[in-house]
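Take a look at the model below. The walk-through starts at the chain contact and then turns to cores and helices.

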Amino acid sequence: MKIVFKLSIALGLMVAFGLTVVACSSTKDKYTNVPADTVAEASEEFKIEKSGAQLWGETCNRCHIAPSPADYNDTDWETISLHMRVRANLTEHESKKIEEFLKSAN
Amino acid sequence: MKKLLVFIIVLAFGSSAFGQTYNTFEPSKTQFMLRGYGHTGFEYMDSGDETESTFLGSAFAPIFLYKHSDRLMFEAELEFVLEGNDLETGLEYADIMYVLNKNMTVRAGKFLLPFGTFMERLHPAWINRLPNAPLGYGHDGIAPSSGIGVELRGAFDLGGPKLNYSVYSTNGPRIKDGSEEPEEAGILKFENYEDTNLAKAFGGRIGLLPFSDSSTEIGFSAYSTSGTGEEDSEFEDIGAFLYALDFSLVKQIPGLSGIVDVKAQYNSSNVDTATFIEMHEDGDEEEYSFDNQSNSFYAQLSYRPTMASSDFVKKLELVGRYSDFNAPEGAEWEEKSTQYAFGLNYWLSWRSVVKLSYQTTETEGGHDGDGITNTNGLFLHWAIGF
């Protein structure tokens, strides 16, 4: 039992020592410079974008209850989207995404 | 012969099948839509000395939308209201708009003014959570609702937060000089369809949505003109400056199992001091003037238990609103009013609502006299958007 205890203590100390060495080691001078356009591409790739359904819920409810997609056809939604974009001062991105969602869900 | 028959059959049925396949009534490039809203209801009013109850004649407000292209559009709203025994008609707005780029749209014609958010976005009966507007809006109100002119507006995505703006120039208001209605001398009349001087009104609004979920919006609006009187009249150089602060918060709160909607707006009107004439009963005239400053405020809270298990409860909405209006001391229309309104709404659909509301208003001064008047009202309204 004593041997097991001593081995456990020794193993624990080795792990703690090892982690300390790794944590304190700096590899800053060994970083590879990544071109700016590559970073931009990567961030674009992993950007989480809100869905049209989410924007529909958040944006329309600011003034009135969010409309049912089934109440109008695709052509009508195009007209309503342009009207609401100007009336409620929405961004182009918001109105396009909401229009796409309404047309896909009606 | 057989081949000829087969050819004729193929030709006859084939052309019909072809026609059915390709005659799919593709939408035209230009599109026309009729939308709008209407409402009706019942009101009971008790002002102490006087009580009245009446069914309200329907109000009908058709909106015409003509989409010429993805950038060009015309919009117009008419208003038909039964007032007393007359049918009143009005042109709420009629304007042409063109999307210049993703951040800028130009509008020209008669358009709703972005002075705060109530008149531009929230006043239609199927959107407004209560049967009427807060104090300070509408007839004799201090907040301008529409104007004839030109406007630039748009919005920017700031990578989460959003910013929207609007700048415009219109014909501007006309000051009531008291010659026709002495008791309204000094009030700004915004329905000034034909300009009577060279001064134009300039205004705008900037709105910030600081959070990425668009739940909150804070806005500042201003409206200014250097002249409100007729050209060559003593009121020609009477200027005015108005501003408004607005706030909106709409958020689903799981802890409350529903959506909380907070709206508030403060309006301030400052008109240059002018001299008016008061006619006494004995025919004598007396000049008077006053510090022409007015303000109004409203705050509204509503709650819809959208996450309730019962379908009936989901469609209910509780709403409460406080509003006040202060007209200038010394004016014939001097007034201090405070109103509390409470309501219970039932949403038949996303655009049709039955509103039951109780309102109590305390008015000191105003058109009805110098004393204090308490008016209590019960309203049952039904509104539908289409």
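Predicted model: local features only at pLDDT ≥ 70, side-chain atom pairs only at ≥ 80, totals over all residues.

Residues are numbered from 1 along each chain as its sequence is written, while chains are lettered from A and ligands numbered from 1 in the order in which they are written.

Start with the interface. Chain B brings 29 residues to the contact and chain A brings 23 residues (contact: C-beta atoms, placed from the backbone, within 7 Å). Strand 6 (146–157) of chain B is among the elements that give two or more residues to chain B's side. Strand 6 of chain B gives the most, with four residues (strands are DSSP runs of E, at least two residues; helices are H or I, at least four; both are numbered from the N terminus).

The largest nonpolar core has 22 residues; B:L112, B:F115, B:M119, B:A143, B:L188 and B:V271 touch the most other members. A core joins buried Ala, Val, Leu, Ile, Met, Phe, Trp, Tyr and Cys residues through C-beta atoms within 7 Å (buried: 20 or more other C-beta atoms within 10 Å of the residue's own). Another core, of nine residues, lies apart from it and includes A:W77 and A:L102.

Finally, the helices. The axes of helix 4 (residues 74–87) and helix 5 (residues 92–105) of chain A come within 10 Å and cross at roughly 155° (axes are lines fitted to C-alpha atoms over the stretch in contact, with angles from 0 to 180 degrees between N-to-C directions). Helix 4 and helix 5 of chain A are therefore roughly antiparallel (angles over 145 degrees).

Terms used:
Contact = placed C-beta atoms within 7 Å. Buried ≥ 20, exposed ≤ 12 C-beta atoms within 10 Å, placed from the backbone. Parallel < 35°, antiparallel > 145°, perpendicular 65-115°, else oblique.
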